[in-house]
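Subject: A structure for you to look at

Hello,

Here is the structure I promised to pass on.

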Amino acid sequence: MTKQLFIQAMAKYFLGVLLIGSLIFLPAGTLSFFNGWLFMGLLFVPMFFAGIVLMAKNPDLLKKRLNAKEKLSEQGTVIKLSGLMFVAGFVAAGLGFRFHWFMLPTSLTVAASIVFLVSYGFYAEVLRENTYLSRTIEVQENQKVIDTGLYGIVRHPMYSVTLILFLSMPLVLGSVYALIIFCAYPFIIAKRIKSEEQFLEQELFGYREYKEKVKYRLVPYIW
């Protein structure tokens, strides 16, 4: 662990808290938005402790996860669309609370919260299985194909987990309008996967054979 990495990690963490909090609570017009606080807690408390563990156990992986600058120009569109989706979804949730639009029942919010936390556990498992897992599409020195654990079920378990995480977010916020917006994510991630697999076939030894072994990209028996 280095001082520079610690400062970078903390700066990005608190910037994320401030940014997402602003996108939710400013449109809501109040801090008395329980679903908003519930979501912030579910998102950022586990993230904080996961960051501490990574900083102590695997600072190289943490450094790779903090790097969000894509080298492939085609992925710029994917990043922009994802960012637009998040902004629109969080703002819609806040506005929905402010203007008393239809809110989802509490039971659904509770169920979504449980799903969110379980998904976080799978997220941690994917990071444990694949220490090459940066946020950008690249092939690292001495990288090899991972085909065990969750990678033996689908080729992109991290995206499978984020699909569940992101679709549960608007449910935790209690917003059906945010849910409609977040339904764009499967199409966005499908575009990213297509580009990523073309890159990995060319740059990562053994990936073509891995595709033959593990047939499904994102969801078993579906796609």
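Below is what I found, going from the whole chain down to single residues.

First, some background: this is a predicted model, in which local features need pLDDT of at least 70 and side-chain atom pairs count only at pLDDT 80 or more, while totals for chains, interfaces and linings use all residues. Residues are numbered from 1 along each chain as its sequence is written, and side-chain values use heavy atoms, with hydrogens and water left out.

**The whole chain**

The secondary structure comes to 9 helices and 0 strands. Helices (H or I, at least four residues) and strands (E, at least two) are DSSP runs, numbered from the N terminus. Of the 223 residues, 44% count as buried; buried means under 20% relative accessible area, exposed over 50%, and partly exposed in between (1.4 Å probe, protein chains only). Among contacts (heavy atoms within 4.5 Å) between residues at least 6 apart in sequence, 78% join residues at least 24 apart. The accessible surface of the chain is about 12500 Å², and 67% of that belongs to carbon and sulfur atoms. These areas come from the Shrake-Rupley method with a 1.4 Å probe; for residues, only the protein chains shown count as cover.

Arg98 is found in helix 4 (residues 75–98) and is partly exposed, with a relative accessible area of 42%. Arg98 and Ala28 are 70 residues apart in sequence, yet their C-alpha atoms are 4.6 Å apart in space. Leaving aside residues up to four places away in sequence, Arg98 touches Leu26, Pro27, Ala28 and Gly29.

Ser113, in helix 5 (residues 106–129), is buried, because its relative accessible area is 9%.

Helix 8 (residues 185–203) has 19 residues, which at 1.5 Å a residue should span 27 Å; its end C-alpha atoms are 26 Å apart, which agrees. The expected span is 1.5 Å times one less than the number of residues. Buried residues in helix 8 include Tyr185, Ile188, Phe199 and Leu200.

A search of the whole structure finds 7 salt bridges, each a side-chain nitrogen of Lys or Arg within 4 Å of a carboxyl oxygen of Asp or Glu. Lys211 forms one with Glu197, the closest N and O atoms being 3.9 Å apart. That pair links distant parts of the chain, with Lys211 in helix 9 (residues 207–213) and Glu197 in helix 8, 14 residues apart. Glu197 forms another with Arg217, at 3.6 Å between the closest N and O atoms. Here the partners are 20 residues apart, and Arg217 lies in the segment after helix 9. Lys211 is partly exposed at 22%, and Arg217 is partly exposed at 28%.

The side chains of Glu212 and Lys215 also meet in a salt bridge (3.6 Å, N to O). Glu212 is exposed at 55%, and Lys215 is exposed at 52%. Salt bridges that share partners join Arg155, Glu197, Glu201, Arg208, Lys211 and Arg217 into one network.
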